[in-house]
Amino acid sequence: MLRIWQPLVIPGLMQTAEYARALFIAAGADQDRADDLVTVRLDRQAILERPGPPHVVAVIDESVLHRLIGSPQIMADQLAQVADLAERPSITVQVLPSETGANAGLSGAFDLASGDGAPEVLRMEAVEDVTVESRSLVRQAMNISVRVQADALPRVASLALTREAAEQWKTR
């Protein structure tokens, strides 16, 4: 199982090539390096296509739906992809409404991975990604994950909001 909290951008496992490329270029990568990073990112997404994919629970902040990354067309395509992924039985996407204000997850993005008796692993995003198995940090992140998810919209309402935002980007 993968639990993802992302208050700033679409989670990497769900990014389109164009969205990811725009992020890498904005972070300072040149075109060739951005292309290499996009290839790696898209290769990681193969985990969602394999038989018996992991269950993914992704909670994103509503601001992610409205933050222009690349172009309006890139945003429309990206949000349509998130919505399509959210319709799979193994993927849950929930949106934390902006009007929630302060929430437990504002300290930053992270992913929690667990499965088949392996220790839970926490990946925290910052200047560089950091991956740890520290029980205390994993426990803290799990607590934040539960609290953020509890404040998020239900799955169906989140899907509707994501599709609505995708349509809005098409008209810009």
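Guide: The conversation below takes up the terms one after another. This is a predicted model, in which local features need pLDDT of at least 70 and side-chain atom pairs count only at pLDDT 80 or more, whereas totals for chains, interfaces and linings use all residues. Residues are numbered from 1 along each chain as its sequence is written, and side-chain values use heavy atoms, with hydrogens and water left out.

Visitor: How many helices and strands does the protein have, and what makes a stretch one of these?

Guide: The protein has six helices and six strands. Both are DSSP runs numbered from the N terminus: helices are H or I with at least four residues, strands are E with at least two. Along the sequence the pattern reads β-α-α-β-α-α-β-β-β-β-α-α.

Visitor: How do you know whether the radius of gyration of the protein agrees with that of a compact globule?

Guide: The radius is taken over C-alpha atoms, and the globule rule is 2.2 Å times the number of residues to the power 0.38. For 172 residues the rule gives a value near 16 Å; the protein has 16 Å, and therefore the two agree. The C-alpha trace spans about 45 × 35 × 35 Å along its principal axes.

Visitor: Is R21 buried or exposed, and what touches it?

Guide: R21 lies in helix 1 (residues 17-26). Its relative accessible area is 18%, so R21 is buried. Contact means heavy atoms within 4.5 Å; leaving aside neighbours within four places in sequence, R21 is in contact with Q31, A34, D35 and V38.

Visitor: What makes the pair R21 and E18 a polar contact?

Guide: A polar contact is a pair of N or O atoms within 3.5 Å; within protein, one must be able to donate a hydrogen and the other to accept it, and residues adjacent in sequence count only if both atoms are side-chain atoms. The side chains of R21 and E18 are joined by such a contact at 3.0 Å.

Visitor: Which residues of helix 2 are buried, and how do you know on which side they lie?

Guide: The buried residues of helix 2 are A34, V38 and R41. They cover an arc of only 65 degrees around the axis, judged by the directions from the helix axis to the C-beta atoms, and so they lie on the same side of helix 2. An α-helix has 3.6 residues a turn, so residues three or four places apart point the same way. Helix 1 is included in what covers the buried residues of helix 2, while the face turned away carries the exposed residues D32 and D43.

Visitor: What makes a set of residues a nonpolar core, and how many residues has the largest?

Guide: A nonpolar core is a set of buried Ala, Val, Leu, Ile, Met, Phe, Trp, Tyr and Cys residues joined through side-chain atoms within 4.5 Å. The largest has 30 residues, and I10 and Y19 are among those with the most contacts inside it. Helix 4 gives the most to this core, with seven residues.

How values were computed. Buried means under 20% relative accessible area, exposed over 50%, partly exposed in between (1.4 Å probe, protein chains only).
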